[in-house]
Structures are given as structure tokens and as C-alpha cells.
Amino acid sequence: MTAEPQPQSASQRLERAVGVVLRAGVTLSTVCLAVGAVWALAAGESGGARVLLQIGIVVLLTTPVARVVVSIAQYVSESDWPFATLTTIVLVELLASAVAALLFNKKL
Amino acid sequence: MPLVTPSLATIIFVAGIISGSLGALLGLGGGVFLVPFLNLILGFPFTAAAAISLTTVIATSSSVSAGRAGKQLINMKLGMLLEVATAGGSFLGGVTAQFIAQSVLQKLFGIVAALVAAIMLTRLRRRNVILDPSADPGVLGGRYYEEESGTTVTYRVKRLPLAVTASFLAGNVSSLLGIGGGIIKVPILNAWCGIPLRAAAATSAFMIGVTATAGALIYYGRGQLEPALAAVAVLGVQIGSWGGMRFGAAASSKWLKILMAIVLLIVTVMMFARGGR
């Protein structure tokens, strides 16, 4: 029973870390997309606007990946091996999608 | 691909606000509204609509979950476990989306949505909570403070294989149709796996970011994502989901369920109308 508060605080630490990653990713991507969209609409799709929009999209797509990476680190530091393994499988699946995206891209 | 004009950008921005607020309210991700709007009303190619929608789904998931993190409403362990299934399903869905006839899947989705709506309506009063706050929720169960009733809600997860199967199917449908997949997961987690609606919706919204990313990466790699239009859709959805999240805290579980069932039936009709062509 004395071990009871331990997993509770570990899950709270994970929630906080995940919250920070998600908020940072959302803020950065939203700023890039907002500035890029206004720029593109005001001055036509210039090179700068296009780059900002691409950065915004890429940051948006990598935020969930970053959240998974942080979760793996947290589970490893807590020595929670079953969940470290499960979360690593999720990361591998996301990387498989990225590889598939590159393969599809080369075919076209 | 339609030409990016200020008026088209404005229309998509407003559509994003509406679907974002509805999505946050229902834990659906908002794509169920955005995809048919872009595809049927604006005449976008289905893949372009799905790509934009998946991008907004990721944004919604990230911002809604960032706001909820720390409140223990998201069941992280269950979420991580089920993500193995949703991400795998989404990856396979994203790859097979290029080879399978969309109309077949749309009709199948319509049938599933109608069945789930019927289940929701027959289980309106089910609470799925253990009233003793000291009860052990187990490894995958959860415990959170419900503002509505001022009590600590405890629950256990039942029928895990069903939850995993539903998550795989949800991930698959997510990248095939460009939606979050909460439409499949949330009712099943709530009706059969013992998870209170609020926690099921929060956990689903959390998982959806990873699910949609597995699909969105493939669309992005194929060049099916128009960045400028995705940007205005994402910005609209961000504003809408922020509003929906604030309103969602005041909405009761019963009305959320009724509203969700109605949404599911509308989706059924739209899926059949689209798939029948």
C-alpha cells in the first residue's frame, strides 16, 4: 500500500511532460501557419510564405511523434518496461508511415 | 486541386471553426464534418479533403489534449496501449487507400456509424463508474474528478481485446476517410469497455493525434496536402475547438450522447449518398 502514490505521481509527471510538448508544438505550428497564411493571401504565394507554411505543417505532423518520444523517455526513466515497449512500437509505426510517405513520393 | 483564393480560404476557415467546435464537443475530431464539406460541397478530390482534414484532426488533438493534460481525464496508459492498434491500422489504411475503392468503405462506414448510434441511444443512463473512490481501478483503469457532480470518478477497463480491435478499425478508417476515428472508438469504449464517456472522449482525442499523423504523413508525402488551405482549416479548427472545449465542460453526458447519436446518423446518410455514386 505504501507503493500506491508512486505510480500516481509518475503518471502525473508524464501528463505534464506531454502537455508541455503538445502546447509547444501547437503554438509554434499555429504561429507559422497563421503568419504564412496571411502572408500568402496578402502578397501571393511568395517563397517566404511557402516556406513558413511548410514549416508549420511539418511541426504539426511531428508534434504527436515528439509526444511519443517523450513518453518513451518517461517510461524508461520509470523502468516501466511494458509501456516503454508499447510506446516504442507506436514510434516504429509512425516511422513506417514516414518511410511509406518517402517511397510514395519517389514513385511520383 | 482548386486554386487558392481569399474567398476560398475564408470559406474553409469558417468551415474549420464550425467543425472544430463540434469536434471538440463530441470528441470526434471534427473531420466527419470537414471531409464531406470539402469533398461534396466544395468539390475537392477526396484525397485532398482527407489530407486537409487529417491535418486539422492532429491540431485539434494536440491543442485539446494540451489543455486537458494534468487533469487526469486522459487515460494515458490505455491511450498508449490502444495507439499501438490505431497507428498500425492507420498506417495500413494510408497505404491501402491508394488501391481500394472508396465507395465500398464509405458504405461500410455508414453501416457501422448507424449501429453505433443505436447503441448510444439504448445506453443513455449507463454511468460506468465505481462509486467507492478508494476502489482499485487496476493498471489500465482511471480516476478523475468530475466537476459536474463534484465527485471523484473511478472506473475499470473491461473487454480489452474489443477495445484493441475497435482501435485498429478506427485507425484504419481514420486514414482511409480522413477522420479522427473517435466516431468508432468512443461509443465502443463507453458502451462495452466500462469507460465513462468523458474519459473515453478525452483519451480518444489524445490518441487521435498519433493516429491521424500515421495517415497524414502518407498523404503529405504523396503531395496531396495543399499547405495554404490546410493552414486556414487548421486555424479555423483551433479557434473552434477552443470554443467547443469551453462549452463542452458545461454540457451533460446525456445530451452529449444524444447529440453524438444524431451526428452518427447524419454521417450514415452522407456516407451512403457519397458511396452510392
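How many residues of chain B are in contact with how many residues of chain A? Select both chains: 42 residues of chain B are in contact with 45 residues of chain A, two residues being in contact if their C-beta atoms, placed from the backbone, lie within 7 Å. This is a predicted model, in which local features need pLDDT of at least 70 and side-chain atom pairs count only at pLDDT 80 or more, while totals for chains, interfaces and linings use all residues. Residues are numbered from 1 along each chain as its sequence is written, and chains are lettered from A and ligands numbered from 1 in the order in which they are written.

Stay with the side of chain B that touches chain A, and select α1 (6-26), α3 (46-68), α4 (76-96), α8 (197-221) and α9 (227-248) of chain B, each of which supplies at least two of its residues; helices (H or I, at least four residues) and strands (E, at least two) are DSSP runs, numbered from the N terminus. The most comes from α4(B), with 11 residues. By class, this side of chain B has 27 nonpolar, 12 polar and 3 charged residues, where Ala, Val, Leu, Ile, Met, Phe, Trp, Tyr, Cys and Pro count as nonpolar, Asp, Glu, Lys and Arg as charged, and the others, Gly among them, as polar.

Next, colour each chain by secondary structure. Chain B has 10 helices and 2 strands, arranged from the N terminus as α-α-α-α-α-β-β-α-α-α-α-α, whereas chain A has 3 helices and 0 strands. Of the 277 residues of chain B, 62% are buried, and of the 108 residues in chain A, 35% are buried; a buried residue has 20 or more other C-beta atoms within 10 Å of its own, these atoms being placed from the backbone.

Now select α7 (residues 182-191) of chain B together with α8(B). Their axes, lines fitted to C-alpha atoms over the stretch in contact, lie 9 Å apart at an angle of about 145°, on a scale from 0 to 180 degrees between N-to-C directions. Among the residues that meet here are B:Val186 and B:Leu189 in α7(B) and B:Ala201 and B:Ile208 in α8(B).

Finally, select A:Leu53, B:Ile52 and B:Ala216, which are among the residues touching the most other members of the largest nonpolar core, a set of 119 residues; such a core consists of buried Ala, Val, Leu, Ile, Met, Phe, Trp, Tyr and Cys residues joined through C-beta atoms within 7 Å. The largest share of this core, 17 residues, comes from α8(B). Not counting residues up to four places away in sequence, A:Leu53 touches residues of both chains, including A:Leu33, A:Ala37, B:Pro227 and B:Ala231.

Definitions and conventions:
A residue is buried if 20 or more other C-beta atoms lie within 10 Å of its own, exposed if 12 or fewer, and partly exposed in between; C-beta atoms are placed from the backbone.
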